[in-house]
Amino acid sequence: MTALAQQNDTPSGELQRIIQPGATLQKVSGQFKFTEGPAVDKDGTVFFTDQPNDKIWKYDTEGKLSVFMDKAGRSNGMYFDKKGNLVTCADQNNELWSITPDKTVTVLMTDFKGKKLNGPNDLWIEPNGGIFFTDPYYQRDYWTRQSPEIDGQKVYYLPVGQKEPIVVDADLKQPNGIIGTPDGKFLYVADIKDNKTYKYQIGAGGKLTNRQLYVSQGSDGMTLDNLGNLYITGKGVTVYDPAGKKLGNIPVPAGWVGNICFSGKDRRTLFITASEGIYTLPMQVTGVN
């Protein structure tokens, strides 16, 4: 019996086709306060955050768990660039950071037209190096401010080498999860407050066009596999095919699933950050960057 069946929510045959036969959801650890932002490096090692404790952890391909960085700017969503730097949404001062493998920090962005951003939450780096990120407002107990400096909660794009981002969609209630296709042609953004996920075409300079409702479900974090299936998080992990058809839900025994990525040397292990814990699930599909 799989862990999925033990949760009394056996997924559909379509979902079972992308999970390794007989695979069991494994809890790796439950020692954290709230896990988020998993990102995988070129070797398949996952880096993730425990934001309330202000740490970035790593989980390597041999199953070893260790602290990568303490005092990490309250990093939330993260993604690796092509140079192997870990780019993070550093929520403490509402910045974007780039962290080298030897932990040297470069602040990529500090404000928008002289005002603090709400709190960069999740990001995706397109093939040419431009950064798309979401900027919802979630009041933090470590901030001195009690209200946003900017009107609205938007999606931004930071061009390569620039210090100030560009607004690419201002018509969302509370954007959160974000991921793009490996060819750089399409972007998915979840409006978690409106319980919707949209798909856009990406144009030159990060311009987004042809916004379409992909599914009527919001998400905290997202990832894609090599078949173009989209994985969204919240109550467990829900998987949709490229046309927006629901393949099923992978139940996770945690109050909330924050984010997700594919890990391991072959990128065939689903790595799930869920409240106080982290989980893995062997898959038949491969994650994409």
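This is a predicted model: local features need pLDDT of at least 70, side-chain atom pairs count only at pLDDT 80 or more; totals for chains, interfaces and linings use all residues.

Colleague: Which residue in E3 stands opposite alanine 39?

Modeller: E2 and strand E3 (residues 46–50) run antiparallel and are joined by 4 bridges. Opposite alanine 39, E3 places phenylalanine 47.

Colleague: Now leucine 65. Is this residue buried, partly exposed or exposed?

Modeller: Leucine 65 lies in strand E5. Its contacts beyond four places in sequence include Phe32, Phe48, Trp57, Tyr59 and Ile278. Buried would need under 20% relative accessible area. Leucine 65 has 24% relative accessibility, so it counts as partly exposed.

Colleague: What distance separates the C-alpha atoms of leucine 65 and serine 29?

Modeller: Ser29 is one of the residues in contact with leucine 65. Along the chain, leucine 65 and serine 29 are 36 residues apart. Their C-alpha atoms are separated by 8.9 Å.

Colleague: On to the cores. How many residues does the largest nonpolar core have?

Modeller: Leu96, Leu123, Phe132, Ile179, Leu187 and Leu230 have the most contacts inside this core. Leucine 96 touches Leu123, and its other contacts beyond four places in sequence include Val107, Leu108, Met109, Ile131, Phe133 and Leu158. The largest nonpolar core has 37 residues.

Colleague: And how many residues are in the second, separate core?

Modeller: Tyr231, Val237, Val239 and Ile272 are among the members of the second core. This separate core counts 21 residues.

Colleague: Take strand E15 next. How many of its 6 residues are buried?

Modeller: Strand E15 spans residues 186–191. One of the residues with the most contacts inside the largest nonpolar core is Leu187. E15 is mostly covered, with a buried count of 5.

Colleague: Which residue is the bridge partner of glycine 180 in E15?

Modeller: Strand E14 (residues 175–180) pairs with E15 over 4 bridges, in the antiparallel sense. The hairpin of E14 and E15 has 5 residues between the strands, and glycine 184 takes a positive phi near 75 degrees. The bridge partner of glycine 180 is leucine 187.

Colleague: In the turn between E15 and E16, which residue has a positive phi?

Modeller: E15 pairs with strand E16 (residues 196–202) over 6 bridges, again antiparallel. Phenylalanine 186 stands opposite glutamine 201 in E16. The hairpin has 4 residues between its strands. With a phi of about 55 degrees, the residue is asparagine 195.

Colleague: Now charges. How many salt bridges does a search of the whole structure find?

Modeller: One of them joins glutamate 14 and lysine 245, at 2.8 Å from N to O. Another links aspartate 43 to lysine 42, with the closest N and O atoms 3.6 Å apart. The search finds 10 salt bridges.

Colleague: How many residues apart in sequence are the parts that glutamate 14 and lysine 245 tie together?

Modeller: These side chains meet in a salt bridge. Glutamate 14 sits in helix H2 (residues 13–16), and lysine 245 in the loop between strand E20 (236–240) and strand E21 (246–250). The pair therefore ties together parts that lie apart in sequence by 231 residues.

Colleague: Arginine 211 and aspartate 169 form a salt bridge. Is aspartate 169 buried or exposed?

Modeller: The closest N and O atoms of this salt bridge are 3.0 Å apart. Arginine 211 is partly exposed, at 33% relative accessibility. Aspartate 169 has a relative accessible area of 9%, so it is buried.

Colleague: Which residues do salt bridges with shared partners join into one network here?

Modeller: Arginine 211 comes from strand E17 (residues 208–215) and aspartate 169 from strand E13 (residues 166–169). The network is made up of Asp169, Asp171 and Arg211.

Methods. Residues are numbered from 1 along each chain as its sequence is written. Side-chain values use heavy atoms; hydrogens and water are left out. A nonpolar core is a set of buried Ala, Val, Leu, Ile, Met, Phe, Trp, Tyr and Cys residues joined through side-chain atoms within 4.5 Å. Buried means under 20% relative accessible area, exposed over 50%, partly exposed in between (1.4 Å probe, protein chains only). Contact means heavy atoms within 4.5 Å. Two strands pair if DSSP finds at least two bridges between them. Helices (H or I, at least four residues) and strands (E, at least two) are DSSP runs, numbered from the N terminus. A salt bridge is a side-chain nitrogen of Lys or Arg within 4 Å of a carboxyl oxygen of Asp or Glu.
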